[in-house]
Amino acid sequence: MPIYEYQCKACGHRLEKLQKLSAAPLTDCPACEAPALGRLVSAAGFRLAGGGWYETDFKSGSKKNLAGDSGSGGGEGKQSKAPAKDGAAA
């Protein structure tokens with residue numbers, strides 16, 4: 001279930017609400033009780049971590065996987081992959 005962010009057009013009160021996708025949007029402000037709530041567009045609340053398509057195929061630059069080993073890699077393939085998987089599951 002996604003978390004939706006709302007703001008009242010009357011008093012400016014902001015709130016977050018965990019709702020089903022099929023649920024109707026909220027309309028009444030809990031602070032001023034005016035029917036002036038509007039749903040805001042906000043960023044996703046998750047981060048993809050660990051080794052995956054982004055890490056292996058599209059990431060550029062010198063930044064390393066934060067969840068994995070910061071070593072140079074090389075012949076340590078199996079050893080450096082194990083911490084990344086454990087770090088992503090935690």
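Helices and strands here are DSSP runs, numbered from the N terminus. The model shown is predicted.

**Figure 1. Overview of the fold.** The protein has two helices and three strands. Along the sequence, these elements follow the pattern β-β-β-α-α. Of the 90 residues in the protein, 16% are buried. Among contacts with a separation of 6 or more, 27% link residues 24 or more positions apart.

**Figure 2. Ala36, in the loop between β2 and β3.** Ala36 lies in the loop that connects β2 (14-18) with β3 (37-40). Ala36 counts as buried because its relative accessibility is 17%, and the cut-off for buried is under 20%. Beyond its neighbours within four places in sequence, Ala36 is in contact with Gln7, Cys8, Lys9, Ala10 and Thr27. Cys11 is 25 residues from Ala36 in sequence, yet the two C-alpha atoms are 8.7 Å apart in space.

**Figure 3. The largest nonpolar core.** Eight residues make up this core: Tyr4, Tyr6, Cys8, Leu15, Cys29, Ala34, Ala36 and Leu37. Strand β1 (residues 3-8) gives the most to the core, with three residues. In soluble globular proteins, nonpolar side chains tend to be buried together. Leu15 is one of the core residues. Setting aside neighbours within four places in sequence, Leu15 is in contact with Tyr4, Glu5, Tyr6, Leu26, Pro30 and Leu37.

**Figure 4. Strand pairing around β1.** Strands β1 and β2 run antiparallel and are joined by five bridges. Gln7 has Arg14 of β2 as its bridge partner. The two strands β1 and β2 form a hairpin, with five residues between them. In the turn, Gly12 has a positive phi of about 85°. Strand β1 also runs antiparallel to β3, joined by four bridges. Here Tyr6 has Arg39 of β3 as its bridge partner.

**Figure 5. The salt bridge between Arg14 and Glu5.** The structure holds one salt bridge. The side chains of Arg14 and Glu5 form it, with an N to O distance of 2.7 Å. Side chains of opposite charge can pair when their charged atoms come close. How exposed is each partner? Arg14 is partly exposed, at a relative accessible area of 46%. Glu5 is buried, at a relative accessible area of 18%. Arg14 is also the bridge partner of Gln7 in β2, while Glu5 is among the contacts of Leu15.

**Figure 6. Glu33, a residue with positive phi.** Glu33 is found in the loop between β2 and β3. Its phi is near 65°, a positive value in a residue other than glycine. Most residues other than glycine have a negative phi. Is Glu33 buried or exposed? Glu33 counts as exposed, because its relative accessibility is 66% and the cut-off for exposed is over 50%. Ala36, found in the loop between β2 and β3, counts as buried at 17%.

**Figure 7. A nonpolar patch on the surface.** Met1, Ile3 and Leu18 form this patch. Together they have about 350 Å² of accessible area. Leu18 has its place in strand β2.

Note on methods: Residues numbered from 1 in each chain as written. Predicted model: local features only at pLDDT ≥ 70, side-chain atom pairs only at ≥ 80, totals over all residues. Heavy atoms only, no water. Buried < 20%, exposed > 50% of the residue type's maximum accessible area, 1.4 Å probe, protein only. Contact = heavy atoms within 4.5 Å. Core = buried A, V, L, I, M, F, W, Y, C linked by side-chain atoms within 4.5 Å. Patch = residues over 30% accessible without salt bridge, like charges linked within 9 Å, V, L, I, M, F, W, Y side chains within 5 Å. Areas by Shrake-Rupley, 256 points an atom, 1.4 Å probe, with all protein chains shown as cover. Salt bridge = Lys/Arg side-chain N within 4 Å of Asp/Glu carboxyl O. Pairing = 2+ DSSP bridges.
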